[in-house]
Amino acid sequence: MESIIEQFINGLRSGSIYALIALGYTMVYGIAKMINFAHGDIIMVGAYVLYVSITDFKMPVIAAVIFTIAICALLGIFIEKVAYKPLRKAPPLAVLITAIGVSYLLQSVAQLIFTANSITFKSIINLEAVHIGGITIPGITIVTLVVTSVCMIALTLFINKTKMGSAMRAVSEDKAAAQLMGINVNRTISVTFAIGSALAAVAGIMFICQFQSIKPTLGALPGIKAFVAAVLGGIGSVPGAMLGGVLLGVIESLSKAYLSTELSDAIVFGVLVIVLLVKPSGLLGKNRIEKV
Amino acid sequence: MKKTLKKVVSLGLLGALTVASLAGCGTKNTGAGDGTFLIGGLGPLTGAAASYGISVKQGAEVAIDEINAAGGAKVGDTSLQLKLQFEDDEADGDTASAAYNTLMDKGIQALLGTVTSGAGLAIADQTNADGILQITPSGSAKDLTKNPNAFRLCFTDPLQGETMAKYAVETLGLKKVALLYNNSDDYSTGVAEAFESKVKELGGEVVAKEAFVTDAVDFNTQLTSIKGTDAQIIFAPVYYQDAAYITTQASELGMTLPFIGSDGWDGVLDKVVDKKVLEGAVFLSPFLATDPDTAVQSFVTKYKEKYDATPDQFAADGYDTVYVIKAALEKAGKTDSKDLIKAMTEIEVKGLTGTVTFDASGEPNKGAKFVEIKNGEYTSKTVE
């Protein structure tokens with residue numbers, strides 16, 4: 001019983017990180033109707049920026065975290081302006097290829113600067129583990145769960161309560177109509193990329209505090225898992241990304257623990273296939289009929 | 001089509017015969033007559049595996065300088081100076097075959113090689129047909145010693161698993177073991193399988209068997225599963241980066257079970273932030289440059305002087321292999337390979353990687369060398 005609860009908590013932790021990353025995929029898809037495959041590598045950039053700002057620039061922890069988030073948000077806007085905006089009228093395939101190109105570019109640049117060898121990094125979060133009965137919850141897990149919950153609540157409030165949030169919802173409904181209503185579409189898209197990348201930076205920070213090791217390809221696997229989570233929850237839907245992420249983490253952890261470690265990935269993707277067969281728009285996605 | 005094939009085959013046979021006869025000449029020409037014994041070396045000096053081959057070559061050269069300075073090998077009534085002719089096989093089968101032919105043309109009398117398994121398997125039948133003594137310093141594939149002329153100095157992957165099983169169950173007396181391995185990697189699965197069957201044979205029990213795949217970073221689920229069992233020790237036959245993740249995460253989960261590992265753990269100290277998570281871990285390693293043993297320190301000093309580098313286990317393997325050839329020469333009292341091969345099972349060599357004897361199947365018997373991590377440093381540990 002204790003073991004099941006601990007495995008569930010393991011799943012919640014990795015799931016909440018997937019959810020943070022999945023939000024970036026889903027928001028960008030909702031607004032710009034494109035899959036930003038470079039999103040996973042923003043996590044890696046975030047990890048390296050935090051490493052450099054603490055180890056080389058000797059910044060205090062809070063400043064380093066804010067600096068990391070800011071750099072990633074700017075990088076998100078920059079990538080959108082340089083690589084995606086010129087292709088806004090191009091066929092979706094072209095944008096997809098560019099996104100993959102940006103992803104490889106980021107990885108290669110990181111490899112040039114930091115080499116392919118992994119770097120160890122001392123976690124900035126040092127919280128003692130909590131023991132409840134026979135259950136041990138590592139400190140990093142508690143911090144991860146709190147931070148991701150706060151991010152998700154803040155994002156939900158932002159989207160539903162602010163003017164910019166309304167603008168984002170409007171643009172995702174109908175770009176042309178939103179523009180006619182006086183919404184600055186370009187700025188809205190930039191803000192979306194900034195928020196998505198900032199969340200990826202947070203995920204990156206959580207990631208290296210947990211694993212204490214950085215390498216240029218670290219964003220690839222969580223990136224692809226989070227993409228699956230976004231599709232599972234219904235791509236374009238913000239609550240869907242959260243649900244999909246957490247669900248994916250828990251399914252992964254429980255299937256690793258109780259079914260088979262070797263088959264856990266197959267089970268995760270199997271669930272995705274089943275969901276897409278039964279409800280092609282994902283768990284919380286809208287069934288939208290394309291008008292011709 | 002068939003005709004062409006026949007032509008190719010007969011041409012090939014002709015070529016092999018020519019090479020064999022030339023080699024025969026070579027042996028006679030450079031034999032005991034001029035006071036030298038020529039050892040051929042095969043290993044990668046370029047390419048992705050180059051560091052292994054270069055290490056073996058340099059380690060062997062240190063041994064040869066040492067032996068020659070001390071008067072050479074006493075074969076019968078004469079003393080022979082040893083010489084090493086080392087060729088690059090790029091760790092590739094075809095290149096190894098060509099390089100082996102080059103060596104035979106030069107008249108080598110014993111073969112130190114190959115360094116890697118793949119290249120060795122490619123020439124195994126060729127060397128057997130030539131009847132030349134072949135000793136691989138570092139190739140761990142099982143089939144490398146299938147022929148009667150072939151011997152091995154290093155541990156095979158399965159032997160590592162068996163040794164660690166004995167250590168856990170017999171030496172430490174811990175019967176309930178957990179196994180955590182990479183099931184997408186040949187090395188890890190090979191060691192793990194041998195470990196599991198040996199544990200059962202010794203009356204122990206594998207209470208948890210958890211796997212992961214290459215590039216995994218999150219081991220919390222597997223470790224939590226192990227935590228839920230009554231395992232007394234964890235065996236992780238993995239490479240150092242995985243070992244770093246595993247031990248760090250186990251410590252975060254509040255686990256205090258001891259860890260044991262395989263030779264892939266070498267280098268793990270540089271990959272963890274807090275060296276305390278590794279405290280007390282024991283793994284198998286044939287060679288440790290910081291070992292206070294005088295022979296090891298003398299080798300490390302000579303190697304550093306000559307190559308300005310710290311020797312690794314491959315260098316020690318190369319060094320020991322030369323001493324094995326010397327011992328076989330002195331035991332046989334002759335330089336013919338068939339006599340050397342016969343002598344191989346009768347010698348005992350005290351090398352840097354342990355005292356070794358060889359059985360008729362070509363496998364080494366040697367005491368395992370263990371490394372224990374104490375106070376954040378590698379220390380050597382002797383286990384009887």
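Colleague: Why is the meeting of the side chains of B:Lys227 and A:Glu6 called a salt bridge?

Modeller: A salt bridge needs a side-chain nitrogen of Lys or Arg within 4 Å of a carboxyl oxygen of Asp or Glu. B:Lys227 and A:Glu6 have N to O at 3.1 Å, so the pair qualifies. Between chain A and chain B the count is one salt bridge. Before we go on, please note that this is a predicted model, where local features need pLDDT of at least 70 and side-chain atom pairs count only at pLDDT 80 or more, while totals for chains, interfaces and linings use all residues. Residues are numbered from 1 along each chain as its sequence is written, chains are lettered from A in the order in which they are written, and side-chain values use heavy atoms, with hydrogens and water left out.

Colleague: Thanks! How many residues does the contact take from chain A and from chain B?

Modeller: Chain A gives 25 residues and chain B gives 23 residues, where contact means heavy atoms within 4.5 Å. The two chains bury about 2100 Å² between them, 49% of it on carbon and sulfur atoms. That buried area is the accessible area (1.4 Å probe) that two parts lose on being put together, summed over both.

Colleague: Why does A:Tyr48 count as buried, and why does A:Phe114 count as partly exposed?

Modeller: Buried means under 20% relative accessible area, exposed over 50%, and partly exposed in between (1.4 Å probe, protein chains only). A:Tyr48 has 3%, so A:Tyr48 is buried, whereas A:Phe114 has 22% and is therefore partly exposed.

Colleague: And why is the pair of B:Phe283 and B:Tyr378 called edge-to-face?

Modeller: Their ring centres are 6.0 Å apart and their planes stand at 90°, so the pair is edge-to-face. B:Phe283 is buried, with a relative accessible area of 0%.

Colleague: Finally, how do you know that the charged end of A:Lys33 sits over the ring of A:Tyr29?

Modeller: For that, NZ of Lys or CZ of Arg must be within 6 Å of the ring centre and within 35 degrees of the ring normal. The charged end of A:Lys33 is 5.9 Å from the centre of the A:Tyr29 ring, and A:Lys33 does count as sitting over that ring.

Conventions. Phe/Tyr/Trp six-rings, centres within 6.5 Å; stacked < 30°, edge-to-face > 60°.
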